[in-house]
Amino acid sequence: MNEIQLHRIDLNLLVTFEALMEESTLIAAADRLAITPSAVSHALGRLRTQLNDPLLVRVGGRMQPSPYALDLIEEVRPVLRSLRRMLAPRHPFDPAISDRVFRIMMPSTPSLVAAILARVWTEAPGVTLEWLNVSTQIYDAVADGLIDVAHVGGALRLPEGLDECEMEPFSWYSFARADHPAVTNWGAEAWARWPHLQVKIATNTLSPVDARKDDPATARRIGAKIGEFSAVGAALAETDLLTTLPAVLMGEQMELHKLCALRPAVTPERFPVRFVWSSRLSRDPGNLWLRTLLIDTYETVQGEANAKVEARVVELLAPPA
C-alpha cells in the first residue's frame, strides 16, 4: 500500500471509525455521533478508499473488523483521546492555589512594587512574581513568551504578535530639594542653568523632555545619569540636581525626601504608555489574571501619586518653553 497522505485524511472519518468499532452497527454508531446511518456509511466508504482496506464488513447484522482495522483502532484510540484532552475547555486559572511563575518587565519604583506584591500575596500566595529590568529587547522577549506582561513607554510602533492596553498618559513634574535655589525663580532660565538628573533605563526610547534639535529653549544640562528610579529622591535631596519624571514614579519619594514639585519649564512631548503581552497569551487565564491585576494596581497607584504631587506643586514663575 502506498504511503498515506495525511493531509487528505478527515479527522471525522477516524471518529466515525472509532464509533463503528465500538458499536458494531451503523445505526448505533449514527446514534452515538448524532448523524444519519447513511452519513456513517458514506464516511466508512471514504475511509476504505483512502486506506485501501475493507475495515468493517457486515456479518449477520453486525460490522466485523478486518485484521488491519483491529490494529488500526489500537493506534487511533490514544490519538483521539489525546486530541479530546487538548481541545477540551480550559480549566479556569485559580490564583489561590496556583504555583505559577510570572515574569514582568516594568520600572521598579517602591510604591508600585509594594502595591503589586501586596495584592499578589493576598490573591495568589503560591505564585512567584519575577520582576525584570526594562531592556532594549523588551518587545522580542514578550513576543517569545519570555515575559508575561511588560510596561512600555514611548511612541514606537507595536510589532505584530503583541496586544496592548494603552494607559492614561503620564503627568510630568520637575522635582528638586525644597530649598533648591531654582524653586524661588523657576522657569526656562533655571531649567537651562541647573544640572539635571537623568534616569537612563536600557531602552531606545528618549525622554519626552529631552532637548529638541529644532528648539534651543528645551536644552538642559545633564549632570548625572543613573539606571534606577528608586535612587532619584535621595540623590536630589543631597544635591542641586533637578529631574523631570512622571508623578507615578515620584509621589512616594517626594514625601520621603521632602522634595519640591514644579511644573516642567519645558512642555513634554506626547509619550504613550502601554502594557503589552503576547497575542498568543491573550486568552490564557493566568496571563489575563496577571495583566488585570497589574493594570488595576497601576491605575490606583498612578491616581494616588498624581493627586499627591499636584496638591503640593509650586506653580511656575515663568512661562514654559
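Is glutamate 255 buried, partly exposed or exposed? The exercises below take up this residue and others in a predicted model, in which local features need pLDDT of at least 70, side-chain atom pairs count only at pLDDT 80 or more, and totals for chains, interfaces and linings use all residues. Residues are numbered from 1 along each chain as its sequence is written, and side-chain values use heavy atoms, with hydrogens and water left out.

**Exercise 1. Classify glutamate 255 and describe its salt bridge.**

Step 1. Buried means under 20% relative accessible area, exposed over 50%, and partly exposed in between, with a 1.4 Å probe and protein chains only. Glutamate 255 has a relative accessibility of 39% and therefore counts as partly exposed.

Step 2. A salt bridge is a side-chain nitrogen of Lys or Arg within 4 Å of a carboxyl oxygen of Asp or Glu. Glutamate 255 forms one with lysine 308, their closest N and O atoms being 3.6 Å apart.

Step 3. Helices (H or I, at least four residues) and strands (E, at least two) are DSSP runs, numbered from the N terminus. Because lysine 308 lies in helix α10 (residues 285-311) and glutamate 255 in helix α9 (residues 247-256), the pair ties together parts that are 53 residues apart in sequence. Lysine 308 is also partly exposed, at a relative accessible area of 29%.

**Exercise 2. Describe the surroundings of glutamine 253.**

Step 1. Glutamine 253 is placed in helix α9 and, at 4% relative accessibility, counts as buried.

Step 2. A polar atom of its side chain lies 2.7 Å from the backbone nitrogen of glycine 233.

Step 3. Contact means heavy atoms within 4.5 Å. Not counting residues up to four places away in sequence, glutamine 253 touches Phe229, Ser230, Ala231, Val232, Gly233, Lys258 and Leu259.

**Exercise 3. Locate the nonpolar cores and the contacts of isoleucine 116.**

Step 1. A nonpolar core is a set of buried Ala, Val, Leu, Ile, Met, Phe, Trp, Tyr and Cys residues joined through side-chain atoms within 4.5 Å. The largest has 43 residues, and those with the most contacts inside it are Ile116, Phe275 and Leu294. Helix α10 gives the most to this core, with 8 residues.

Step 2. Leaving aside neighbours within four places in sequence, isoleucine 116 is in contact with Met106, Leu129, Trp131, Leu293, Leu294 and Thr297.

Step 3. A second, separate core of 22 residues includes Ala29, Val40, Val76 and Leu80.

How values were computed. A polar contact is a pair of N or O atoms within 3.5 Å; within protein, one must be able to donate a hydrogen and the other to accept it, and residues adjacent in sequence count only if both atoms are side-chain atoms.
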